[in-house]
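Dear colleague,

I am passing on the structure we talked about, with the coordinates placed just below. After them you will find my notes on how its parts are arranged.

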Amino acid sequence: SAVQLSGLVDLVRGDLSKLGRQTLGALVTIDVHNRDVVSELHGKKVSSSKEFDWISQLRYYWRPAGTTTMKETGKPNTVDKCEVCIINAMLYYGFEYLGNSDRLVITPLTDRCYRTLMG
């Protein structure tokens, strides 16, 4: 919500370490992008999880142990898994740490890159 986003902005303006400020700045950027995406989906009256405007968004799904069949083994997952999905591509999140990089902005081109790289 706007109140939560405003609270994050106030936090970023406060007394923070360089790493804390960088982390919160990235979170604000992501939150603003997510707010814009939700607003766009609402404006387009997207009402089904099967619509392209929804499935073309990068989505994360938490799959508790035993709730999904693993492609490699054909058996249920034995540990919790995080699925990363976009369009018809799905990868398991491997908890890779890529560092705490600056995020200036997320644009439609960024989203297009996600679709290309995941496919």
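This is a predicted model: local features need pLDDT of at least 70, side-chain atom pairs count only at pLDDT 80 or more; totals for chains, interfaces and linings use all residues.

In what follows, contact means heavy atoms within 4.5 Å, and helices (H or I, at least four residues) and strands (E, at least two) are DSSP runs numbered from the N terminus. Residues are numbered from 1 along each chain as its sequence is written.

As for confidence, the mean pLDDT (the predictor's confidence in each residue, from 0 to 100) of the protein chain is 88, and 95% of its residues reach 70 or more.

Helix α1 (residues 2-13) packs with helix α2 (residues 18-43) at about 160 degrees, their axes being 9 Å apart; axes are lines fitted to C-alpha atoms, for helices over the stretch in contact, and angles run from 0 to 180 degrees between N-to-C directions. The two helices are therefore roughly antiparallel, a term for angles over 145 degrees. On the α1 side, Leu5, Leu8, Val9, Leu11, Val12 and Arg13 meet Arg21, Leu24, Gly25, Val28, Asp31, Val32 and Arg35 of α2. These contact residues divide into eight nonpolar, one polar and four charged, where Ala, Val, Leu, Ile, Met, Phe, Trp, Tyr, Cys and Pro count as nonpolar, Asp, Glu, Lys and Arg as charged, and the others, Gly among them, as polar.

Three strands form an open antiparallel sheet in the order β1-β2-β3, pairing being assigned if DSSP finds at least two bridges between two strands. Strand β2 (residues 81-86) pairs with β3 over four bridges; Val84 has Leu91 as its bridge partner in β3, and Ile86 has Ala89. Two residues separate β2 and β3 in their hairpin, where Ile87 in the turn has a positive phi of about 50 degrees. Helix α4 (residues 108-118) lies across β2 and β3, at about 115 degrees to β2.

Best regards

Methods:
Side-chain values use heavy atoms; hydrogens and water are left out. Angles under 35 degrees count as roughly parallel, over 145 as roughly antiparallel, 65 to 115 as roughly perpendicular and the rest as oblique.
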